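Here is a brief report on one protein model, written for reading beside its sequence and coordinates.

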Amino acid sequence: MSNRNDVSSFSSGSPGQLSERHEESSISHLFPRLGFISLYVLNLLTLGLLSYLLAPFTSLLFFDDPRFWRHWHKFHKLTLRSMHHTLALLRQSEYSQVFHVPWLKAPRMSPDRTRLRVRPEWLRLHGEHCDGCTTCCERIDCTLIDPDVKGCMVYGSFFWKYFTCGPFPENRRQIDYYGCEKWQSDV
Ligand code: SF4
């Protein structure tokens, strides 16, 4: 996905936006993720209250914008997504097996082109973009699809780049699980 109008909380973006030079692993990429996970757990324990108490920071992490008054009407959807995701991890073995956080990898705006390629038939019909496809988001009932802009409401944010959306898909198993018809991979 290269713009917000391609509805997907998961990336399928144009190549090279955060380029392959960032691909090497580094412990420095671990700490922001651990910090985020700490807030994620605390927010769940407070049933979403923390996201409002830390409103400017929440807004920055998810909307790339500390002006929380522009975004806090969406904060409840972040908590709903967190709850849904956590329950799925605990209850659905296939979901938890396919789920993967690239803890040490640099944040990404698109999948790793050394491991994946766009299927020729998709390329012919849609080019490099997701072209309005919502399949992977619908597969997990993602609450972060913005019906107003018909796109991912957290596209390009810290959360989006550092966790599963930006690097998605990472392998054939994810492609199959999420039913993506765009990407193919040998790994
Ligand atoms: S399923 Fe594939 S093509 Fe569709 S939005 Fe997700 S990544 Fe893009």
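Start with Pro169, which sits in the loop between H8 and helix H9 (172–178). The peptide bond joining Phe168 and Pro169 is cis, with omega at about -10 degrees. Helices here are DSSP runs of H or I with at least four residues, strands are runs of E with at least two, and both are numbered from the N terminus.

The model is predicted: local features need pLDDT of at least 70, side-chain atom pairs count only at pLDDT 80 or more, and totals for chains, interfaces and linings use all residues. Residue numbers start from 1 along each chain as its sequence is written.

**Positive phi**

Asp64 has a positive phi although it is not a glycine. Asp131 also has a positive phi and is not a glycine. Burial is judged by counting other C-beta atoms within 10 Å of a residue's own: 20 or more is buried, 12 or fewer is exposed, and anything in between is partly exposed, with C-beta atoms placed from the backbone.

| Residue | Phi | Loop | C-beta atoms within 10 Å |
|---|---|---|---|
| Asp131 | about 60 degrees | between helix H6 (120–126) and helix H7 (135–139) | 15, partly exposed |

**Helix H3**

Which residues of H3 are buried? Within this helix (residues 55–63), they are Thr58, Ser59, Leu61, Phe62 and Phe63. Seen down the axis of H3, these buried residues fall within an arc of 170 degrees, so they line one face of the helix. The arc is taken over the directions from the helix axis to the C-beta atoms. An α-helix has 3.6 residues a turn, so residues three or four places apart point the same way.

What do the buried residues of H3 pack against? Their partners are helix H1 (30–45), helix H2 (49–53), helix H4 (75–91) and helix H8 (158–162). A contact means two C-beta atoms, placed from the backbone, within 7 Å.

**Whole chain**

The protein chain has nine helices and four strands. Along the sequence, their pattern is α-α-α-α-α-β-α-α-β-β-α-α-β. Of the 187 residues in the protein chain, 30% are buried. Take the contacts between residues at least 6 apart in sequence: 75% of them join residues at least 24 apart.
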